[in-house]
Amino acid sequence: MTNNIEISVNSAACYKNNNIIFKDINILLNNREILVVTGPNGCGKTTLIQSICGIQNLESGHISLNKVNIQHQECNYLENILYIGHKNSLNDDLTVLENLDYLCAFDSSADSKDTKLIRKSMEYFNISKYEDYMVSQLSEGNKRRVALARLFLTKKKIWLLDEPLNNLDDETTKVLIKLFIRHQDNQGLIILSSHFDLSKELNNVKIFKMENQSD
Amino acid sequence: MIKSIVKTELAIYFRNLNSIFLPLIFFFLILSVFPLILGTDKILLGKIIPGIIWITVILTTLLSSNNFFRDDFKNGVIETYLTSDASIELVLFFRIVSCWVFTCLPVIIFIPLVSLLFEISFQNSAIILLTLILGTPVLISIGIFGSALTLGLAKNNILTPVIIIPFYIPVLIFSASAIEAVSIGLPFTMQIYILLALLVLVLPIMPYLLKYTLELSINN
């Protein structure tokens, strides 16, 4: 597999119910880079990240990975991305361990059989003591940590994170940033939306500012 | 991967025993309402009871498939499905099957008891059982399809049945016709073959259709 990853968004525009969400978005991103999407509430950060995931259709423009449109079959785009939305994608009726095990089944790059590794990821995010808790019993911050533990397990190169720092305390934020740096060292690429300026803690950060369109 | 999915499905259903027993209780409640309204005239009940059982089963399947994807949508699991490189069609297939096993199969298992209660003849009871076994997987898949279709809408409680009941009609026509044929002593193999054909047509296509529908619902 080539180490080179290049994501480009070319003059992308998106409409919902005839309302413009964003238009003329151009992004070029290489590996080891982190893109932080910022902007006021409702400016389309989530929609942009979902478009880069491929689950939100664009009105015009296109998104490509290594110059191949992500909608094309030969792009194998889904094999390269990991998306964690602002919903945590956790099942309330499962324990923390079961949830992570289940989510690993959807990530071909993770060793889903390896419970040891899952335990290690929980240790990393300091949630080991909640292993057998139902997710419905956890606080929002802890749910977020469980969702983010997937980042520790995956070997995918492109991370798409929607507001990953929401509900996190300072300590977990530091842990997460450490994980980001490790991912950068592994030639990874991160696109995330956030209200925080991460350029002090991380290298190779690009800030992408979005504006409210519907005025 | 398959092991993990099956394990998870089992865990979710067994932790929510409500979702297994409530459809069953609902089934018996609705069944017991009919004699209260229609009286205990044995000849009348004997004539219409197969139809009543089928109507009750339809209501039960509607109830259990109506909000099938709602929690997953709320929790963002659907987004994980669609951005994953695993075979989502397979996951959806297992989810359809487990929904059938845990909501329809208990009802089907209790059909012999219902037959005893309403004094249905063995022949009639057997054909009801057979049509239910062949028909309910189709009804459940169509119901789940309806719930995927109305996922993006805020209030969809009544809309889903309104959309899907017309699609129930082929199954209902041939089930009713098979039961009718048996009760007047005519051959019924044609109807059973058609029900079987509907089953093997709908079940393999449904996961692909569901995936496409979920993509549309996310994309609203």
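This is a guided tour of a predicted model, going from one selection to the next.

Before you start, note that residues are numbered from 1 along each chain as its sequence is written, and that chains are lettered from A and ligands numbered from 1 in the order in which they are written. Because the model is predicted, local features need pLDDT of at least 70 and side-chain atom pairs count only at pLDDT 80 or more, while totals for chains, interfaces and linings use all residues.

**The parallel sheet of chain A**

Begin by selecting the strands β6, β7, β8, β3 and β9 of chain A, which in that order form an open sheet of 5 strands with parallel pairing. Helices (H or I, at least four residues) and strands (E, at least two) are DSSP runs, numbered from the N terminus, and two strands pair if DSSP finds at least two bridges between them. At the edges you will find β6 (81–84) and β9 (205–209) of chain A, each with a single partner strand, so one side of each is left without a neighbour in the sheet. From one strand to the next the twist averages 15°; here axes are lines fitted to C-alpha atoms, for helices over the stretch in contact, and angles run from 0 to 180 degrees between N-to-C directions.

Within this sheet, select residues 34–38 and 189–193 of chain A, which are strands β3 and β8, paired in the parallel sense over 4 bridges. One pair to highlight is I34(A) with its bridge partner in β8(A), I190(A).

From β4(A), 2 bridges lead on to the antiparallel strand β5 (residues 68–69) of chain A, where V68(A) stands opposite L65(A). The hairpin of β4(A) and β5(A) has 2 residues between the strands, and in it N66(A) takes a positive phi near 50°.

Most residues other than glycine have a negative phi. Select N18(A), which is not a glycine and yet has a positive phi of about 65°, in the loop between β1 and β2 of chain A. Is N18(A) buried or exposed? With 5 other C-beta atoms within 10 Å, N18(A) is exposed; a residue is buried if 20 or more other C-beta atoms lie within 10 Å of its own, exposed if 12 or fewer, and partly exposed in between, with C-beta atoms placed from the backbone.

Then select E163(A), also not a glycine, with a positive phi of about 50°, in the loop between β7 and α5 of chain A. E163(A) counts as buried, with 20 C-beta neighbours inside 10 Å.

**Helix α5 of chain A**

Now select residues 170–185 of chain A, the 16 residues of helix α5, which at 1.5 Å a residue should span 22 Å, and whose end C-alpha atoms are 23 Å apart, which agrees; the expected span is 1.5 Å times one less than the number of residues. In this helix L176(A), L179(A), F180(A) and H183(A) are buried. Seen down the axis of α5(A), the buried residues fall within an arc of 105°, so they line one face of the helix; the arc is that of the directions from the helix axis to the C-beta atoms.

The buried residues of α5(A) pack against β3, α4 (140–153), β7 (158–162) and β8 of chain A. On the other side of α5(A), the exposed residues are D170(A), E171(A), K174(A), K178(A), R182(A) and D185(A). After α5(A) comes Q187(A), whose phi is positive, near 65°.

**The contact between the chains**

Finally, show both chains: the contact takes 25 residues from chain A and 21 residues from chain B, two residues being in contact if their C-beta atoms, placed from the backbone, lie within 7 Å. On the side of chain B that touches chain A, α1 (2–15), α5 (77–82) and α11 (189–218) of chain B each supply at least two residues, and α1(B) gives the most, with 6 residues.
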